Amino acid sequence: MTGTPASRTDAGGAGRPGTVARLLAVLRSPWVRWGFLVLALALAVYAVVSVRDELADAATALSAGRLAAAALLAVLFVGCTLLSWRAVLADLGSPLGLRTAVAVFGISQLGKYVPGGVWNVVAAAEVGADHGVPRRRTVTATAVATGVGLVSGAVVGVVALPFLAVETLQGWSWVLWLLPAAVVLLLPPVLNRLLDAALRLARRLPLEHPLSWRGLGAAAGWAVAGWLLAGGQVWLLATGLGMASDVRTAALAVGGYALAWMVGFLVVVVPAGAGARELVLLAVLAGALPHAAVLLVVLVSRVLVTLADLLFAGLGALGRRPAGVRFAPLAPRAWLRWDVVRRLLPATRSTVLEIGCGQGGVGMRIAVRHDYTAVELDGDSWRIACERVAAVDPDARVLHGDLTVLPPEERFDVVCAFEVIEHVEDDAAALVEWAARVRPGGMLLLSTPADPDRFGPWDEMAGHYRRYDPDDLRELLSAAGLADVVVRRYDAPLGYLLEAVRDRLARRQPVRAGAQAPAGASASDPGLAARTADSGRRLQPRARLTGIATAVGTWPFRLLQRALPHAGTGLVAVGTRPPDPEHRSDP
């Protein structure tokens, strides 16, 4: 059969029901992702623009220095929220560097501005998966960090009660009665059991790393610091408009903001608790400032926090690529192939071996998120690949030669070979050798041209022995000892045009006379070996502008090919190495 494996899950999780899998596929579509991001960004910007008149009033009533200090406190508040979430995620077994954490958390925060109350969690799971964090772990961390925020906010609010009369909250005072129950639920022994029960109900594997007192303590500490900073921002704005500057009003602002945030969280039908939080803050500060001044304080505070969210989202977008690294440009067909391949690679960080990495354009993209090793026969391509991959990960290995340059006992979670098998004379033996390098439970992933009857001038010039029928390729992989083999086509409809152009170019450009066979290549046909070595260097974009134009121009076709898994001039195949008999559990 063709298509992507329906049973693939994150980090070895249990299979999902078909309806859920289809829903998740829709949510992970680039169209949905970009549409969601545009909507969330538009709503966040609208939240600022809609109160532009009030902001103009604030600009005249508050000094520039006070506004700048309040903006800084808003940024620090969001930063503390990020660090609290990061502490929980690390405690669950996925420690993230600060740059990566900002990338995941910053972009996901835009989801708060979409009505529903869950979209920031969905966004965090998807962006986290792009950085190798299992989705279920990101969802759990976000839920726990939110709970920590709620409880710590309630504690801060209760501590402020001597300065904040409960009657001030009016109809919202019932929220305080939830505090004892919430505190008990967040104790690690209780919370771990609840999480395990929820994961069993969702038919997912239990957490690999239970939450600890230390991890939750760190998260709570950052959350409390955040409430102090957010309340300090409100106090700074309110005192600038005439509220008294003393300990009582400071406690009023801190406790009032924390309790207002709790109420806003519970009102999930509006984006980011808009309206509900303002009403609580208005009630809390009503006795300390005139109504118009209180309204101005709460609106300016919300706008500053929204701008802080936008700042972190922008930093997150910049942080999705390694600092100072420019990915090498890809040829049009390589872009189409990479779109399929990247979605088949594991979501969690894994050991990956690429056989025949060429000039490393795809390899450096793999090395960003995985422990990468590559072998390459052609000396010229190998030197370029070494430089490119080292720019992404200095610890990655790019070796000159074939598989014999690796220790014979070394195994990998993923072994991949893109546009290589068609260059190998004894393809069956090569597949057995490649499969032997896959760790039990790991996978072999490859691509190759499709359909023997399409063998043309480009295939001959590139040094291909053959093209493959999908059924024949599936049988070869099964014969090599792989299970759950899936073969799908890719690159339709653009691939047909690209192949026609390549064949036309091949008819006009004879094989380069100076092409040399790489060391270690088969000597049975030196001319074919030389063409193989030369093929990886042909049609590679050189100029940066050409690479950008290619990436932009192929983007619609990368999306379109996903709807056409049974059409195209290329094949992508994936198979799993079964566990060794001695590692199988007894029935």
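**Figure 1. Asp339 and its salt-bridge partner.** Asp339 is buried, with a relative accessible area of 4%. In this predicted model, its side chain forms a salt bridge with Arg343, and the closest N and O atoms are 3.5 Å apart. Arg343 counts as partly exposed, at 34% relative accessibility.

**Figure 2. The salt bridge between Arg349 and Asp371.** The side chains of Arg349 and Asp371 meet at 3.0 Å, N to O. This pair links distant parts of the chain: Arg349 sits in the loop between α14 (332–341) and β1, while Asp371 belongs to strand β2, 22 residues apart. Arg349 is partly exposed at 44% relative accessibility, and Asp371 is partly exposed at 38%.

**Figure 3. The salt bridge between Arg397 and Glu410.** Here the N-to-O distance is 2.4 Å. Arg397 lies in strand β3 and Glu410 in the loop between β3 and β4, 13 residues apart, so that the pair links distant parts of the chain. Arg397 is partly exposed, with a relative accessibility of 29%. Glu410 counts as buried because its relative accessible area, 19%, is under 20%.

**Figure 4. A network of salt bridges.** Arg333, Arg337, Glu419 and Asp491 are linked in this network. The count of salt bridges comes to 16.

**Figure 5. The open sheet.** Seven strands make up the sheet, in the order β3-β2-β1-β4-β5-β7-β6, with mixed pairing. Its edge strands, β3 (397–400) and β6 (483–490), each pair on one side only. On average, neighbouring strands are turned by 15 degrees against each other, direction ignored.

**Figure 6. Pairing of β1 with β2, and the helices packed on the sheet.** Strand β1 (residues 351–355) runs parallel to strand β2 (residues 371–376), and five bridges join them. Glu354 has Ala374 in β2 as its bridge partner. Helix α16 (residues 379–392) lies across β2 and β3 and runs at about 165 degrees to β3. Helix α17 (residues 427–436) also packs on the sheet, where it touches β1, β4 (412–418) and β5 (438–449). The direction of α17 makes about 140 degrees with that of β5.

**Figure 7. The chain as context for the close-ups.** The secondary structure comprises 22 helices and seven strands. Of the 587 residues, 50% are buried. Among contacts with a separation of 6 or more, 76% come from residues 24 or more positions apart. The chain exposes about 26,300 Å², of which carbon and sulfur atoms supply 64%.

Conventions. Residues numbered from 1 in each chain as written. Predicted model: local features only at pLDDT ≥ 70, side-chain atom pairs only at ≥ 80, totals over all residues. Heavy atoms only, no water. Pairing = 2+ DSSP bridges. Helix = DSSP H or I, 4+ residues; strand = E, 2+ residues; numbered from the N terminus. Axes fitted to C-alpha atoms, helices over the stretch in contact; angles between N-to-C directions. Contact = heavy atoms within 4.5 Å. Buried < 20%, exposed > 50% of the residue type's maximum accessible area, 1.4 Å probe, protein only. Areas by Shrake-Rupley, 256 points an atom, 1.4 Å probe, with all protein chains shown as cover. Salt bridge = Lys/Arg side-chain N within 4 Å of Asp/Glu carboxyl O.
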